[in-house]
Amino acid sequence: MLFGSNKNRPPTPSGGVPKLHLPLLPLRDVVVFPHMVVPLFVGRDKSIKALEHAMSLDKTIFLCTQKEARVDEPQEEDIHITGTIGALLQLLRLPDGTVKALVEGRERGRIESFLPSPDFFYVEVEPLPEPEEPPLEVEALIRSLNSTFESFAKINKKISPEIIATMASIKDPSQLCDAMVNHLALKLEDKQTLLTLVSPLARMESLYELMRGEIEVLQIEQRIKARVKKQMEKTQKEYYLNEQMRAIQKEMGDSDDLKNEIGELEERLKKKRLSKEAGQKVRHEIKKLKMMAPMSAEATVVRNYIDWILALPWYERSRDNLEMTKAETIMDEDHYGLEKPKERILEYLAVQSLVKKHHGPILCLVGPPGVGKTSLARSVARALGRNFVRLSLGGVRDEAEIRGHRRTYIGAMPGKIIQSLRKARTTNPVFCLDEVDKMSTDFRGDPSAALLEVLDPEQNCKFGDHYMDLDYDLSEVMFITTANSLHSIPSPLQDRMEIIRIPGYTEDEKLNIAKNFLILKQVRANGLSMDRVDITDNAILTAIRRYTREAGVRGLEREIATVCRKLAREVVKSNDHASTQKIKVSGKNITQYLGVPKYRYGMAEEQDEIGLVTGLAWTEVGGEILTTEVLIMPGKGNLILTGKLGEVMQESARAALSYVRSISPRLGLDPNFHRRIDIHIHLPEGAIPKDGPSAGITLVTGLVSALTRRLVRRDVAMTGEVTLRGRVLPIGGLKEKVMAAHRGELKSLIIPQENEKDLKEIPERILKSFTIIPVKMVEEVLNAALVLEPGRPLFQEVKDGEETSSLLVKAGSGLNADGPSLDAKH
């Protein structure tokens, strides 16, 4: 048979088969034989163009298989030279851009050469005519093939009797071979080999060998199935597939895998030093594993359990660096300030150098965000020469996260404590439990209760994880927990930890941290160098005062990063990367980089006012100035409290009013003054919740100022709890409050007398900027905070027998815009 039009057919060489010029379609994962109709899905541009070219002529195309299917852009050497000359029966374009082609193989052919073509492969093909074969040998092989194919069909069960009858009716040996190939699950290489064989006799012999091999494979599969059925007489149906795999492994000679795995576990057990209890447990579990089927679910659980025990560090420990000077230097390199926690670590090193075995300390670093609690824990690990591991407890609400799940549950695992120690690979790491104040509780248990054993030095030497079911010694672990506040940590858990408070940084400390750490870090992170950048102290101070309001330095670092990004943009925009000229950022031009200032610096009032008092508050992000406003209005004795005050602060306001009423005769007020007026107490920034007892003296001062029409000094701040008898009680968070007063440029600070001892924790430079007024009674507060006019004392003497109803303030009659003017007695 001859194919192709006159355009495709070159001159026939004398004495040879005429050669054809045809477009080539490379195939992946398929071999097309003569007498075979195959649908092909084509997506490559070259292949589509080859099909279109063939359709435009006589629909003849050459089909060859690629050597490697994963090659998307095959070259000449990537394509087999023997293929099939085929005819395009149908060509259909699909919506996704691909083409479906229906092709029929006609005869074998061989590529003689590749012809120039920019859009697709164009080849010169020599048809391969089949030689004449001895008829007797051909007939014998045809019978053998048909007989073997019938045997194959009996085992395979997928070949219908109609196909067997069709094969028996084919008398042409070449067509018989090509037809049988389609029904055999042969490898692509074997199919290509059959296509390459031109001689029908050689092709039938090769196909016979391949078919006998397939029959042997099917017979082995049948033996495997029979063996599996015998083994599965008393087992569940779902177990069938696992046993079939086991039988397959036995047939392939891989039945010793389980023995090898058990041998590896026993070898690890010999090399690993375990506790007596753990060693006995592992030996018992290995003995139990030997009796199990390798593919059973229980065997997997036992293997995982043994692996966890052997992977845990039992006696592996890192050697501590006991050189105090070196450890102190390392911590100073990483953090500026933070004297208390550093001092505690050095104390631990001193004890370790004197005592061979000492329980690891359990520290709780409490402070606002961004003050370096977690990074300090990492620095401690570096200073001690220990491994560091961190576990975040924020949002943890399941006790199993700490203690693990019991092995009876599907997918059970050890708790996070054991998992983290496996990562640490030593028994004495520095273990940071981050955000210990942000755990929650639900029906699955209380994780904070599970931590009681972990963080108890008397109990954690025998910590019990539900999954491990073994005692594990945590006594050498140095636990460092971090929290923003203590009020959400249960009292029993607090009792097990050594609380170290890390208050907010002072302005000087922030300046030094920025100069020594943050600027260098951000300059490098943004591709700059310190030779090109000069950020002055004034610029840093402006960023601290006008663009951040925080106790830590995270916001400051973000602002410095913003400046560095702007500088990097300037450098790139100027195309002057090699210049050595410094870009200076000062307090005057920093607004060009950071924009409009976000905050006012300081909150102190500009003038003395009536009923306006400057108080101090502690928040999780440091101290804040809290302005308190008191307004008197005509009314019926109502006390109005606004500003989103908590229950404790509302009670403080009522207590303050009760105290003022009790001393009203001494203030020159009518004892029944409250019946004719309404008192409104407001704390600005009403969207922010406020609570706590430390605003007691602030509220008393505001009430007395508004009722007696006396001015409050604008440069005085105060904090302290008040009792109904006028005593001033101590408060907490003094350092943070002093820092807030310092930022507000206040001159005097009224504090409870019992808090004088806390002033030692505050830098001397900060204290020198204040006049500290320690007070014991409210009268001292009023004398210090109110503007006293000459000849008009604040407190008046009340004579025995004098009726309190005559003690009125004669400051005028009626009411004005600021409140009622009560009659005053001079």
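## Aromatic pairs

A search of the whole structure, which is a predicted model, finds six aromatic pairs. One of them is formed by Tyr305 and Tyr467. The arrangement of these two rings is edge-to-face, with 5.9 Å from centre to centre and 75° between the planes.

Tyr305 belongs to helix α10, while Tyr467 sits in the loop between β10 (463–464) and β11 (471–472), so the pair ties together parts that are 162 residues apart in sequence.

## Helices α9 and α10

Helix α10, which carries Tyr305, also packs against another helix. Helix α9 covers residues 276–290 and helix α10 covers residues 297–311. Their axes come within 10 Å and cross at roughly 155°. Because angles over 145 degrees count as roughly antiparallel, α9 is roughly antiparallel to α10. The crossing of α9 past α10 is left-handed.

On the α9 side, the residues in contact are Ala278, Lys281, Val282, Glu285, Ile286, Lys288 and Leu289. They meet Ala299, Val302, Arg303, Tyr305, Ile306, Ile309 and Leu310 of α10. Tyr305 is thus named both in this contact and in the aromatic pair with Tyr467. By residue class, the contact of α9 with α10 has 10 nonpolar residues, four charged ones and no polar ones.

## The parallel sheet

Five strands make up an open sheet, with parallel pairing, in the order β8-β9-β12-β7-β13. At its edges are β8 (388–392) and β13 (498–501), each of which pairs on one side only. From one strand to the next, the twist averages 20°.

The edge strand β13 pairs with β7, residues 362–366, in the parallel sense over four bridges. Within this part of the sheet, Cys364 has Ile499 in β13 as its bridge partner.

## Helices α22 and α24

A further helix contact involves α22 (residues 647–662) and α24 (residues 696–708). The axes of these two helices come within 9 Å and cross at roughly 45°. That angle makes α22 oblique to α24. In this case the crossing is right-handed.

From α22, the contact takes in Met649, Ser652, Ala653, Ala656, Leu657, Tyr659 and Val660. From α24, the residues are Gly696, Leu699, Val700, Leu703, Val704 and Leu707. The contact of α22 with α24 divides into 11 nonpolar residues, two polar and no charged.

Terms used:
Residues numbered from 1 in each chain as written. Predicted model: local features only at pLDDT ≥ 70, side-chain atom pairs only at ≥ 80, totals over all residues. Heavy atoms only, no water. Pairing = 2+ DSSP bridges. Axes fitted to C-alpha atoms, helices over the stretch in contact; angles between N-to-C directions. Parallel < 35°, antiparallel > 145°, perpendicular 65-115°, else oblique. Left-handed = near helix turned anticlockwise from the far one by under 90°. Contact = heavy atoms within 4.5 Å. Nonpolar A, V, L, I, M, F, W, Y, C, P; charged D, E, K, R; others polar. Phe/Tyr/Trp six-rings, centres within 6.5 Å; stacked < 30°, edge-to-face > 60°.
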